[in-house]
Amino acid sequence: MDIRQRLLAAFDLEHKDHLAAIRNALRDAEATGDAPDLVDIHRRAHSLKGAARAVDLPEVEAISHRLEAAFIAVQKGEILLDPASVGVVRRSLDAIEDLVAWSLQGGDAVETAGVLADLDALAAGGGGGPVRAPAAARPAARRPPAQRDRAADADSAALVRIAAQGLERLSETASALLPEVEAQAGLGEQLRVMRREWRALDRAWRHLRVQIGRGVRAADAGAGADALPDALEGRGALPALMAFERRFRALGGALDSAHRSHDRLLWSMRRWGGGLQQDMRRLRMLPAENQLSGLGRMVRDISRAEGKEVEVDVRGLEVEADRTVLQRLKDPILHIARNAISHGIETPAERLALGKRPAARVTIAASVEGARLRLRIEDDGRGLDRAAILRKAAERGLIDAADLSASAEMPQERLTEFLFHPGFSTAAQTTELAGRGMGLAIARREVERLQGNLTIADRADGGTAVTIEVPLSLLSQRLVFVLVQDQTMAIPSADVVRLRTASAQSLFSGTGTPMTRIGEEEIPVTSLAALLGMEAPVVPSAERGLSLVVVRAGDRRLALAVDRFVATRETVVTAAEETGLDSGRYLGTVLMDDGGPALVLNIPGLMPLPGSTLPAPARPAEEATPARAHILVVDDSITTRTLEKSILEAHGYRVTLCVDGREALERLSEGMEVGLIISDVEMPRMDGFALLQAVKADKRLEEIPVILVTSRASDEDRERGLRLGADAYIVKTRFDQNELLAGIRRLL
């Protein structure tokens with residue numbers, strides 16, 4: 001970097017410290033009624049002026065100079081530090097923050113004439129004339145500093161500029177490497193099995209060799225000529241046996257050596273592969289300030305466009321997260337802020353009438369909890385309008401009259417869910433910034449694409465709080481794998497509080513809900529299988545107990561009963577939107593060692609609303625199993641077969657899998673009864689069209705509904721499938737599991 005860039009970087013830190021100190025002093029004075037430390041405030045304004053001059057930021061210097069003069073006048077008693085004066089000071093501080101952001105990052109030029117005029121008027125009102133800025137300090141048509149100084153010194157060895165796409169590809173490669181390394185552990189297990197087999201053969205050979213030796217000695221003595229034919233043909237076979245033993249021993253030595261080498265290489269691959277992934281993760285991790293530092297300016301621009309005064313407090317931007325995650329969070333945060341300003345924050349006149357400060361306060365706080373980035377956006381506005389939300393929900397048919405009459409008892413989580421429906425808005429009129437009811441829906445969708453969750457709640461002190469939680473990195477996640485109804489499923493470890501085993505007898509009833517006690521906390525217990533729409537497991541024997549995964553969503557805890565714990569490992573999660581999964585229930589999928597996918601659960605999305613009746617953690621052994629519709633899934637892709645099986649079984653269906661049309665037809669010909677067939681089209685031996693034709697031509701099978709799920713999207717293929725008798729035709733490129741499930745419900 002050149003000297004100016006270094007100075008700007010230092011000034012960036014310095015000016016934030018001064019602005020934060022002045023803002024905090026004014027805020028504390030308003031809250032307590034005590035006078036702020038004017039000497040310290042004046043000193044900081046003076047320091048800002050000098051530092052701005054050193055880095056050639058004349059606009060910042062001009063505003064700081066006027067601020068310094070204003071604080072001197074306040075100290076002398078020439079100006080009262082009333083709400084109007086404080087408002088001018090706050091706007092001046094915002095302008096300084098915006099100017100520094102512009103100098104470092106570019107963008108639209110910052111208008112300072114209004115702020116300078118306000119400061120001049122403030123000084124004039126105090127009995128003095130306007131404070132004149134030096135000519136150089138007046139805004140002029142200059143080249144944006146971002147263009148003038150952005151490039152780093154070409155000779156600098158500290159920084160290297162690389163294309164973002166290249167970094168993304170390298171990150172994906174590093175992420176894909178670890179599962180491959182772990183797959184090598186399976187090869188190690190095969191080598192261990194081979195070694196055990198070889199040792200068993202070795203023991204058998206030693207025993208056989210003893211028997212052969214005894215036979216030869218008996219034959220030589222003439223007492224056992226029948227034991228070994230012709231004493232192993234006059235011992236001519238002995239060299240061959242000795243050669244066999246040498247080769248057998250050499251094979252055992254080579255097997256031992258290969259096993260040791262594999263273990264050594266696997267250890268090395270894990271070490272270096274893990275190191276590479278950690279290095280790539282660190283390369284992608286940036287301070288949140290890198291991407292979100294302009295939020296204060298953006299929120300203030302939105303508020304001014306709405307004719308409202310907003311003081312923005314952005315905290316915790318020193319925390320680090322993946323660059324891609326931070327970039328994609330910008331839009332959701334702005335949608336939320338725009339919604340808060342338009343719907344939640346009152347005008348200055350309304351706030352004064354309510355006894356509030358004319359300037360509202362919006363706080364954006366970033367923090368890290370485990371492996372998750374947590375963003376909390378709060379405002380001190382009017383809060384959620386419960387009555388307006390319920391009226392709108394009733395108008396749109398989202399609740400009935402009974403719900404509306406019992407609205408006072410409706411849990412807040414259910415109430416806020418209405419706000420995320422596309423087109424849902426309580427605004428009286430539509431403006432350029434709000435009123436269409438899409439902002440929160442878009443924000444939640446983007447957060448879910450980041451495998452996170454978004455919630456809204458009332459603040460205890462009035463106003464609204466929106467919380468966003470997303471993984472720190474999408475490069476890979478640590479997952480806890482569990483077995484549920486013979487399916488392996490995964491839960492992000494960030495959502496897992498602990499794993500424990502408890503006997504069914506140790507559970508106690510709390511208002512009708514089974515509970516378990518962990519420490520001082522009583523936690524409700526339910527079956528994960530039943531929560532997913534499957535059958536709850538049979539009550540286990542007392543000595544076996546229940547395997548419980550205690551999960552969290554915000555401040556709530558829930559213990560999920562699973563069949564057993566499988567493993568914990570770090571792996572890459574393919575987002576739900578790429579596989580057509582319901583993002584409310586699933587974050588996505590991961591590939592297992594056998595090549596099949598496991599579903600990754602979205603715990604906040606699965607968590608029942610407060611007051612909901614939870615499914616029982618287990619069912620009595622004598623309870624009859626309800627009949628479930630039987631579906632035949634035919635696809636040559638193991639990933640697609642396993643994914644569809646997981647989705648269907650999670651919704652209560654019984655599923656049989658076949659790899660192609662011929663196997664499916666053979667199973668059906670053998671008398672297997674199914675209620676519906678879901679088939680791919682392009683398969684070896686017999687494709688989906690041929691299977692469909694064969695099913696509809698057979699009098700015993702023609703009534704079975706058939707759904708074709710294929711990547712062949714042409715009108716010709718669709719018409720052919722429907723002409724042959726397909727009951728539905730779903731294109732994989734826009735595969736939507738809800739469309740598939742709706743079709744199944746319609747046909748069964």
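Strands, as the word is used in these legends, are DSSP runs of E with at least two residues, numbered from the N terminus, and the model in which they are found is a predicted one.

**View 1. Ser 547 in strand β14.** Ser 547 belongs to strand β14, which covers residues 546–553. With a relative accessibility of 13%, Ser 547 counts as buried, because this value falls under the 20% cut-off. When neighbours within four places in sequence are left aside, the residues in contact with Ser 547 are Arg 500 together with Leu 560, Ala 561, Val 562, Asp 563, Arg 564 and Phe 565.

**View 2. The hairpin of strands β6 and β7.** Strand β6 (residues 453–458) and strand β7 (residues 464–471) run antiparallel and are joined by 6 bridges. Among the residues paired in this way is Ala 457, whose bridge partner in β7 is Ala 465. The two strands form a hairpin in which 5 residues lie between them, and Gly 462, in the turn, has a positive phi of about 95°.

**View 3. The crossing of helices α11 and α12.** Two packed helices are described by the angle between their axes and by the distance between those axes. For helix α11 (residues 295–305) and helix α12 (residues 323–344), the axes come within 10 Å and cross at roughly 35°, and the crossing in which α11 passes α12 is right-handed. On the side of α11 the contact is made by Leu 295, Met 298, Val 299, Ile 302 and Ser 303, while α12 contributes Ile 333, Leu 334, Ala 337, Arg 338 and Ile 341. Sorted by class, the residues of this contact are 8 nonpolar, 1 polar and 1 charged.

Key
Residues are numbered from 1 along each chain as its sequence is written. This is a predicted model: local features need pLDDT of at least 70, side-chain atom pairs count only at pLDDT 80 or more; totals for chains, interfaces and linings use all residues. Side-chain values use heavy atoms; hydrogens and water are left out. Two strands pair if DSSP finds at least two bridges between them. Helices (H or I, at least four residues) and strands (E, at least two) are DSSP runs, numbered from the N terminus. Axes are lines fitted to C-alpha atoms, for helices over the stretch in contact, and angles run from 0 to 180 degrees between N-to-C directions. A crossing is left-handed if the near helix is turned anticlockwise from the far one by less than a right angle, and right-handed if clockwise. Contact means heavy atoms within 4.5 Å. Ala, Val, Leu, Ile, Met, Phe, Trp, Tyr, Cys and Pro count as nonpolar, Asp, Glu, Lys and Arg as charged, and the others, Gly among them, as polar. Buried means under 20% relative accessible area, exposed over 50%, partly exposed in between (1.4 Å probe, protein chains only).
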